[in-house]
Amino acid sequence: MWRDALLVAGKDLRIELRSRVALWQVLPVAVLSLVLYAFALGPARHTLAAAAPGLFWLAVLFSTVLATQRSFAIESGEGTRDGLRVSGIDPAGVFLGKAAAVAAELAVLQVVLWAAMTLLFGVHVHTAWLAIVASFLATIGLATAGTLYGALSAGLRVRETLLPLLVLPVLAPVLLAASRAWSGALTGPVSSGESWLRILGPFAAVYLVVGIVLYGPLLETA
Amino acid sequence: MSISEKTAAVVRRPRWLRVVGALALVSTAATVWLGLWVTPPDAVQKNLVRLVYLHPPIAWVALYLAFGLSALASLLYLWRRTRSMFWDRLAASSVEVGVVFNALTLATGMIWGRPTWGVWWTWDARLTSTALLLVLFLGYLALRRVPADPEVRARRCAVAALVAFVDVPIVHFSVIWWQTLHQGATVLNANLSPTIHGSMAWTLLLGFIALTLVFVWMVGVRYQIEVLADRTGAERLEVSLAERWAEGELESPSAGGNGHGNGTTGSPVRPPTRVGQ
């Protein structure tokens, strides 16, 4: 299962590296959204700094929708899904691989977004470990739940409009918990930020397990 | 196009469903009578308290009964040993009725909230998670409307229902924490905590029974509609297939006996490769 996952993740990331769709489309949109939020809220520094954690995770959330859509768009080619199915790769491996590739893309995106936010909004992290742990857990949660719903709506004609409706309410707790945790890491108090890891951890674990179990039946339906 | 005997048999509701329907009607009428005329108004809330006979029972049906039943049915569908279209239809009917009751929960809650709290909406933990739940299951219904092979659709929807159901406790806890960290305790509990009058307690109990019966009846009827829709879909497919075949029979002699192999006549005898949805 793990070897299969590495193979699938490697394939997806290689396609992204070569096609550069994520790099030149998803990433600029995410950075652009930060600028748009500033337009919506006004240029006052303290307003932007107070809203920064929420805006950061909102940008990551919408990018997750784009990244998962992209992750399944590359499978939509002639017979690609059938090819993947008959190749004898464990469905759980496919799930883990695709989720890992999405997670890697989201991690890169967060680093860039973070740099952009430091420059544009003038905010600084006070408790680095909390921000990193929260990001790590939230990224696993977003990638696994996103991949699960991406597979669910893959191959449907209405997937572009259906996926956000399906996935955004499910990801709402991640947005809530990750922004609160980051708020704790940025301006404190650290203890209130820490407690939100107790939402992010179980969310990531639950969707990792649910994905491994339910991806098999989903792949059969394609 | 006429419907066959088999389909017509489904149109007649089974006896148990008619009995449940009658009981639902009687108990709902009794709840209305007791709730509006027999029970006394509340000391603090006056006549507004009468919403207590309606709002909690609706919420019970929506949040526990309907979505719990749909998750159970979806699980039984996915489990190979119990896989049958019965569970798929039951889950779908249950979600659809549940979404209606969920919307009613929000509506009655808001109607109650406006005069008692002074606002239509507050970011209370229960309100927020109920609203998110409504959107989650609207997604399920949207997924169900996408045309697909019934088996494929059933499996996809079962997975979607389970994944959404798993999210419910996480949503609930995260919203509760969000509240307690920001605004203090919830206000919703206050309404039910005072000891209530004897006749009020009985009316509330009757309200729960009445709306549970309404739920069972609605799911039963919705299930029948689902069966009918599948039947007529299949019948229509058979009829149009037969028509295409008949066209082929008519055209083939004029096309020159065995001459339909060269493709000029569009090979009328071959059944259509892409049929229906």
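## Basis of the model

The model is predicted, so local features need pLDDT of at least 70 and side-chain atom pairs count only at pLDDT 80 or more, while totals for chains, interfaces and linings use all residues. Residues are numbered from 1 along each chain as its sequence is written, and chains are lettered from A, with ligands numbered from 1, in the order in which they are written.

## Helices H1 and H5 of chain A

In chain A, the axes of helix H1 (residues 2-19) and helix H5 (residues 91-121) come within 7 Å and cross at roughly 40°. Axes are lines fitted to C-alpha atoms, for helices over the stretch in contact, and angles run from 0 to 180 degrees between N-to-C directions; helices are DSSP runs (H or I, at least four residues) numbered from the N terminus. H1(A) is therefore oblique to H5(A), since angles under 35 degrees count as roughly parallel, over 145 as roughly antiparallel, 65 to 115 as roughly perpendicular and the rest as oblique.

The residues that make this contact include A:Asp4, A:Leu6 and A:Glu16 of H1(A), and A:Gly93, A:Lys98 and A:Glu105 of H5(A), where two residues are in contact if their C-beta atoms, placed from the backbone, lie within 7 Å. The contact residues divide into 11 nonpolar, two polar and five charged; Ala, Val, Leu, Ile, Met, Phe, Trp, Tyr, Cys and Pro count as nonpolar, Asp, Glu, Lys and Arg as charged, and the others, Gly among them, as polar.

## Helices H2 and H3 of chain A

Helix H2 (residues 21-41) and helix H3 (residues 45-73) of chain A pack at an angle of about 150°, with their axes 9 Å apart, which means that H2(A) is roughly antiparallel to H3(A). Among the residues in contact are A:Val21, A:Tyr37 and A:Leu41 of H2(A), together with A:Thr47, A:Phe62 and A:Arg70 of H3(A). By class, this contact has 16 nonpolar, three polar and one charged residues.

## Where chain A meets chain B

Between the chains, 23 residues of chain A are in contact with 24 residues of chain B. On the side of chain A that touches chain B, helices H6 (128-153), H7 (159-187) and H9 (197-220) each give two or more residues, and the largest share, nine residues, comes from H7(A). This side of chain A has 21 nonpolar, two polar and no charged residues.

## A residue of chain B

B:Ala30 is found in helix H2 (residues 15-38) of chain B. Because B:Ala30 has 16 C-beta neighbours inside 10 Å, it counts as partly exposed, a class that lies between buried (20 or more other C-beta atoms within 10 Å) and exposed (12 or fewer). B:Ala30 and B:Trp123 are 93 residues apart in sequence and 34 Å apart in space, C-alpha to C-alpha.
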